[in-house]
Amino acid sequence: MWRYLIPAGVFAVLVGFFVVGLHTDKQTLPSPLIGKPAPRFELPRLEDPTELVSSEQFAGRKYLVNVWGPWCEGCQQEHPALLEIARRGQIPIVGLTVPQGALADLQGNPLPLEQVLSEIQLGLRWLSELGNPYDICLFDQMWKVAIDFGVYGAPETFLIDERGFVVHKHTGPLTIADWERDFVPKLGREGGVDG
Amino acid sequence: MIAELGHFALILAFCLALPQAFFGLVGAAYNKTHWMDASTKAATGQFVFAAMAFACLAYAFYVNDFSVLYVAQNSNSALPTFYRFAAVWGAHEGSLLLWLLAQALWTLSVVAFSRSLPQVITSRVVGVLGVISAGFALFILTTSNPFERLWPAATDGRDLNPLLQDPALALHPPMLYIGYVGMSVPFAFAVAAMLAGKLDSLWARWVRPWATIAWMFLTIGIALGSWWAYYELGWGGWWFWDPVENASFMPWLIGTALIHSLAVTEKRGLFKSWTLLLSITAFSLSLLGTFLVRSGVIESVHAFASDPSRGLFILVFLGLCIGTALGLYGWRAQHFTSQAGFALVSRESFLLFNNILLVVATVLILLGTLYPMFVDALGLGKISVGAPWFNVAFLIPMLPLAFLLAPGMHASWKRASFGRTKRLLIALLVLALLLGTTIPIAVYGWRSVLSSVGIVVALWIAFASLIEPIDRLRKGHSLSASVLGMSLAHFGLALFILGATVVESYKKEADISLAPGQSAEHAGFVFTMNELRNVEGPNYRAVEAEIVVTRDGQQVAVVYPQKRVYRVQQNPMTEAGIDGTWNRDLFVAMGDPLGEGAWSLRLQYKPMVRFIWLGAFITALGGLVAACDRRYRQRVAAEATQPVAADAKPA
């Protein structure tokens, strides 16, 4: 009476799909920005919020934009990988520091700088404790630039080329394996040399 | 110290689940009374230590012990005490501990209420439940320890997710887990019957109350979740076909099929292997739901925190439990065939259709939920299946099911005969047709054929479910709890169908902008914003609007919708302002500030929306009443004496 084994067979097929499902990468959602110009931005530096930095400054170079926050566990996980990438010195890394939620009052206006200073200090303390892989860090108090980049949550990492186009997006904690597989081939001539 | 005590109690609970499983199953196989006794004692001990571990975690929340990582992640010193307790099951680790406690509680209940059953049966059931407990305890200990310390301790906690700071949602998970876990009892009985190679109508009578009570808890849990989503998420919807919702709905549908199939097995000794399969499937879908929700296989963008090792553990555990049970089924089910037949129009055939349609609905929902995963696993891209697909797919099997319900309730067993009720049923259908078309059209206007069909069938079921109670009361006959429970459950279902049909057909929604002093008209009501004020809550600040609703110049209601920002997590939450009467809700939710004091508001008029949850709770109550039927206690005790005597306990 083989027909009583049909449920077990169906179940086995399901489990097979689940095994594959566990190992497929859920986090790479195709970004609509790939192959399009990266959003322009002008933001205060984390180290000195009075100084505004604009995306024009990076024009003509390849660079990484890494979205992170001191509250984010995944960022802590990927931090060693970022430090290693910075050590290899293949590409400048721009940190886009975001608070856990937009720091705004109930009318949606940004909170004054004195009130968000503690958030900035949290970020600076993280960098001094864990090491600073960033060439420059920008503070995005209202998630404005992060939303322009289509960020779902931290961490996310974008590779931007000389023309200012987004070449690759990585969602979730970055590992050295991810870096070598997905980013390094896209770095081109000047990026090929290790160390 | 308390956290370590809790951790230790959890380890002991795991250590006791092992002998509970071993002595229960092996003791029954070799008929060793002392071994079987040891199994039930281990089960009692396992409950004590699971409860102790749970109490320790609750205490850590109560005293704000932020040196415990889980407490620091899910609580805050400003969190009100009630929510500090609810926070115990507010995230993955603690909710698993609740799961384990519920499992131990069900096991203890089986031990307590099955004294009249043959010891070999009880022992096998307790043994199977022990295997499940051991698996969950090991899962918690190896991948999800809630007692892990945080060093140095946090000065304050990260707070409970604001979405969960709500009374309905505090109760929703315990109800749901008790229901999920409760499905393990019919599962264990099924495995026990297959191991014993014996399944009779007595077995069905033992299983019925357990299946019904577990199903009742699932019903309440799902209804609470739906109610919460309605007023807390701010969109005014009550069901979203979200994978997490589907994960709870699928065991419910199979559970519903199971309690109907058990009726046939008990009364007529039919559908035996089918009932076994449903018992296995109901619990399998509970486990499957846990896997889907916690492994990150389904959720995509918010799955950063999910840990692949957790997913792998549940998958292996799920594979072992369900695989073994289905393997056993494939091997043994052929022994459970029945010879007796039944006529094409009989209660058996109605219940057969009920089962087929419920299973078809479950399969469709399962396919819709897993389809994105299948496509992704086959490398065909990333897609999602939306609510419109589910709405249509679910309706296809449910419409015929609703129409079969009224005659099905009154069909006789075995024979093709309705007796005197045939004419009454037709008369009630005509009455339902008259009322169900004229009244809604007079009150709300014409909408569509489908909405009229929904209302008519709801009324027909409601009338038909009252026939038997009224008939018996009028004749002075006593009304058994079984019949009363069944009538209540079907009446509740009728209210649910009525509410769902009316609200989906006649709801009116509008997005408008209002500043203090301005008013807007919607669905015959005038909404005036009197003022906006700032409100300070214990752990949040909020903007509150006072909105006066008038109709024809008469004040109808004042509602106070809020936009809250919780201090720690900083994400904005919408608290809808709702004015509810029995036949309609007025629902006002604040959207975004538009500048100069104006806010975007979502106004909704929701006719008869409360019937959805009222119906669900009456249905659950029906389950409770039916499970309390005296024959589950009395006759079990009387009839069980024979097999016990035959088994001849050596002691």
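This is a predicted model: local features need pLDDT of at least 70, side-chain atom pairs count only at pLDDT 80 or more; totals for chains, interfaces and linings use all residues.
Visitor: Hi! How many residues are in the hairpin that joins β3(B) to β4(B)?
Guide: Hello! That hairpin goes from β3(B) to β4(B) through 3 residues. Strands here are DSSP runs of E with at least two residues, helices are runs of H or I with at least four, and both are numbered from the N terminus. Residues are numbered from 1 along each chain as its sequence is written, while chains are lettered from A and ligands numbered from 1 in the order in which they are written.

Visitor: Thanks. In which sense do β3(B) and β4(B) pair?
Guide: Antiparallel: β3 (residues 525–536) and β4 (residues 540–551) of chain B are joined over 10 bridges. Two strands pair if DSSP finds at least two bridges between them. V526(B) sits opposite T550(B) of β4(B).

Visitor: And what is the bridge partner of T550(B) in β5(B)?
Guide: In β5(B), T550(B) is partnered by Q555(B). β5 (residues 554–559) of chain B runs antiparallel to β4(B), with 5 bridges joining them. These two also form a hairpin, with 2 residues between the strands, and D552(B) in the turn has a positive phi of about 50°.

Visitor: Which residue stands opposite E544(B)?
Guide: Q562(B), in β6(B). β6 (residues 562–566) of chain B pairs with β4(B) in the antiparallel sense, over 5 bridges.

Visitor: Zooming out, how is chain B divided into domains?
Guide: Domain 1 is 1–165, domain 2 is 174–414, domain 3 is 420–507 + 613–651 and domain 4 is 517–607. The bounds come from an automatic or database domain assignment.

Visitor: How far apart are the centres of domain 3 and domain 4 of chain B?
Guide: Their C-alpha centres lie 38 Å apart. The contact takes 5 residues from domain 3 of chain B and 4 residues from domain 4 of chain B, where contact requires C-beta atoms, placed from the backbone, to lie within 7 Å. On the domain 3 side, the residues are 4 nonpolar, no polar and 1 charged. For these classes, Ala, Val, Leu, Ile, Met, Phe, Trp, Tyr, Cys and Pro count as nonpolar, Asp, Glu, Lys and Arg as charged, and the others, Gly among them, as polar.

Visitor: Switching to chain A, how many helices and strands are there?
Guide: Chain A has 5 helices and 7 strands, and its C-alpha atoms fill a box of roughly 80 × 50 × 35 Å along the principal axes.

Visitor: What's the strand order in the open sheet of chain A?
Guide: The order is β5-β4-β3-β6-β7 (chain A), 5 strands with mixed pairing. β5 (136–139) and β7 (166–171) of chain A each have a single partner strand, so one side of each has no neighbour in the sheet.

Visitor: How many bridges pair β6(A) with β7(A)?
Guide: 5 bridges, in the antiparallel sense, with β6 covering residues 156–160 of chain A. L159(A) stands opposite H168(A) in β7(A).

Visitor: Last topic: at what angle do α1(A) and α13(B) cross?
Guide: Roughly 70°, with the axes of α1 (residues 6–23) of chain A and α13 (residues 347–377) of chain B coming within 9 Å. Axes are lines fitted to C-alpha atoms, for helices over the stretch in contact, and angles run from 0 to 180 degrees between N-to-C directions. The contact is made by F17(A), V20(A) and G21(A) of α1(A) with M373(B), F374(B) and A377(B) of α13(B). By class, these residues are 5 nonpolar, 1 polar and no charged.

Methods
Two residues are in contact if their C-beta atoms, placed from the backbone, lie within 7 Å.
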